[in-house]
Amino acid sequence: MKSLDPQIKQKIDSWLNGNYDDETKAVIREKLDNEEYQELTDAFYKDLEFGTGGLRGIMGVGSNRVNKYTFGMATQGFSNFLKKRYPDEQIKVVIAHDCRNNSEELAQVVADVFSANGIYVYLFEGLRPTPELSFAIRELDCHGGVMLTASHNPKEYNGYKAYDEHGCQLVAPQDKEVMEEVQQIEDINDVSFEGVSKNIETIGKEIDEKYLDALMDVSLSRDAISRQNDLSIVFSPIHGTSGVMVPPALTRYGFKNVTLVEEQMTYDGDFPTVEYPNPEEKEALTMALNKAKEIDAELVMATDPDADRVGVAIKDHHDEWVLLNGNQTGALIINYVLNAWKEADKLDGDEYIVKTIVTSYLIDAIAEHYGVECYNTLTGFKYIGELMTELEDEKQFIAGGEESYGYLIGDHVRDKDAIVSSVIIAEMAAYYKDQGTSLFDALLDIYLQHGYYREKLVSVYKRGREGAEEIQKMLRNYRENPPKQLAGSDVVVIKDYKTRVSKNIKTGKTEDIDLPVSNVLQFVTEDETMVTVRPSGTEPKIKFYCSVNTELANRTGFDKKTSDLEDKMDTIIKELTEEN
């Protein structure tokens, strides 16, 4: 790239001539002098937009970057939205942040802008988990909230999750309405950056205690824990916020043999001990696994920076440590919780669970077995939270989750919660140990009863503006030329969530999809293989979710069936990606 697009140059000039600080302008001029046109294009070609996880991006200078100005404009837009929505009320919001670089400073910017708009702000005294932010909104009867985090993204990222009065991330049409308010701010001078201290109240330990009390109400097997309180657990927050909450939560539940990965207990936005702070990645759990092997532990758990996702490792039937994927952990949680409710004679037909359309349909089978309704939502936990709010006066929410390691047990929040997930996973391990079995045996029992479902997620990164255009081209190709077969099995159903139509290829019959519009495609084959294709809402990549299943007749066949299913998924992903 030898020059800048005129529109991008105009955007850059508006920053150089606008009311931005000298440091910001100096960075832009240096990049211009060094002809870093590609980087400037990526930084200014668009404004940050709300996706499935809110506002998220790389930290730096530019309209498409995370900085005090983009967060200031987002907060001004959110403030304008709230003032229109609640014109005759004293509006209140909660702000929390995680361990990421610049989060504390950006949280203060957000608090200042809210307070300057006459909005009363509860600002956490230090870093706190995302689920506690959701809890605090509900506990303090607020109109909204903001969590500053980029979840499990690399260290270069930060983000801004906006929440409604229910403690749920904004969904349509509110998310779009907020962005429309932001887009109407044509000048940085329209943002009120001067904070009003009397409108900002610091909160902390009193909310911590109420949140921990709420977690105790979710416990299902306290007797088993009391008998197995020496269960050996290794836990790591991977330098993130769960270090504040998971250790005391495990202690309250009664676990007395918890080993912390001390090297990862430091709160550090550079995440110095891992490549990515993502519990979905094996590398992120390496230190915890090494500690577990050293002390012969029974359970390993690690969470992402804002503590809404948890990764789990257990010993398998070969006495080897294995990492559970998000679908396996979710299936274990749902099966355990529904079984406990059934044993307590608490299921009366009004209960339900929720998952996303890309999460294992093994969970649907489990729910059907217990006679509990299972709802499927679009990807993004905000849709689960939205459904919880819609049904809260009609039905009883038990649990929910998504394949990307996010789960919720109980209805104390409206977001995924790695704190409650960690204590319930530990409780599960104690429950099965008390019965003389294990979490892995419990998983095999689920497969034997309902079928062996196995899933794989493959992400293809396409960075920058050109990458975004390439992703859209790939999706167009899949719509115009959908695969006829996957691993030798005919595609019989194509679900297009953009047109909200499901079509049976064999019969020509169509059905409406009762979900919001989303740029997602699903292909279902004759042998019940399912592949979902969707662009990420928060990262520059296109995702392929592959799900296959087979019968498992006995435990001895597990290894061979695993190998066969893995080979089948590899074939399917290769077929899909090589054609585009």
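Predicted model: local features only at pLDDT ≥ 70, side-chain atom pairs only at ≥ 80, totals over all residues.
Helices are DSSP runs of H or I with at least four residues, strands are runs of E with at least two, and both are numbered from the N terminus.

Residues are numbered from 1 along each chain as its sequence is written, and side-chain values use heavy atoms, with hydrogens and water left out.

Returning to H15, 15 of its 17 residues are buried, that is, under 20% relative accessible area with a 1.4 Å probe, protein chains only. At the start of H15, a side-chain oxygen of aspartate 417 comes to within 2.8 Å of the backbone nitrogen of isoleucine 419. After H15 comes glycine 436, with a positive phi near 80°.

Next, the pair H1 and H3. The axes of H1 (residues 6-17) and H3 (residues 37-44), lines fitted to C-alpha atoms over the stretch in contact, come within 10 Å and cross at roughly 80°. H1 and H3 are therefore roughly perpendicular, a term for angles of 65 to 115 degrees, taken between N-to-C directions on a scale from 0 to 180 degrees. Ile8, Lys11, Ile12 and Trp15 of H1 meet Leu40, Thr41 and Phe44 of H3, with contact meaning heavy atoms within 4.5 Å.

Finally, arginine 56 lies in strand S1, residues 55-58. Arginine 56 counts as buried because its relative accessibility is 10%.

Key: Parallel < 35°, antiparallel > 145°, perpendicular 65-115°, else oblique. Buried < 20%, exposed > 50% of the residue type's maximum accessible area, 1.4 Å probe, protein only. Polar contact = N/O pair within 3.5 Å; in protein donor to acceptor, adjacent residues only side chain to side chain.
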